[in-house]
Amino acid sequence: MGRYLDESIEDWLRRYELTEMIDEKAINIYRDVRYGEREVKPDYKKRYFDQINQLKSVLKDRYITESKKDTQ
């Protein structure tokens, strides 16, 4: 469920219909670390990982629901 090589974070979120639950600051933290090679304060790091865990949970639930539909 990863991003395509040429897909931005925003495009990926739209594709999986996750934009409504996104914390824009978490995206900015990701960009700063991933592309800006910056260090992140521990509280921002926690915020980022909390957001990632929420996204993973939603995607997992959707995947399980879709898999169940496909097997019926």
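How many residues in the lining of the largest pocket are nonpolar, polar and charged? The views below answer this for a predicted model.

View 1. Of its 16 lining residues, I9, W12, Y48, I52 and L55 are the closest to its centre. (On a 1 Å grid over the protein atoms alone, a pocket is an open set of points where a 1.4 Å probe fits, with protein on both sides within 12 Å along at least five of seven lines; lining residues have an atom within 4 Å of a point.) Volume is the space filled by probe spheres set on the points. The lining divides into 12 nonpolar, 2 polar and 2 charged residues. (Ala, Val, Leu, Ile, Met, Phe, Trp, Tyr, Cys and Pro count as nonpolar, Asp, Glu, Lys and Arg as charged, the others as polar.)

**View 2. Helices around the largest pocket.** α1 (9-15), α2 (24-34) and α3 (42-71) each give two or more residues to the lining. The largest share, 6 residues, comes from α3. (Helices are DSSP runs of H or I, at least four residues, numbered from the N terminus.)

**View 3. α2 meets α3.** K25, A26, I29 and Y30 in α2 meet Y44, R47, Y48 and Q51 in α3. (Contact means heavy atoms within 4.5 Å.) This contact divides into 5 nonpolar, 1 polar and 2 charged residues.

**Notes.** Residues are numbered from 1 along each chain as its sequence is written, and side-chain values use heavy atoms, without hydrogens and water. Local features need pLDDT of at least 70, side-chain atom pairs count only at pLDDT 80 or more, and totals for chains, interfaces and linings use all residues.
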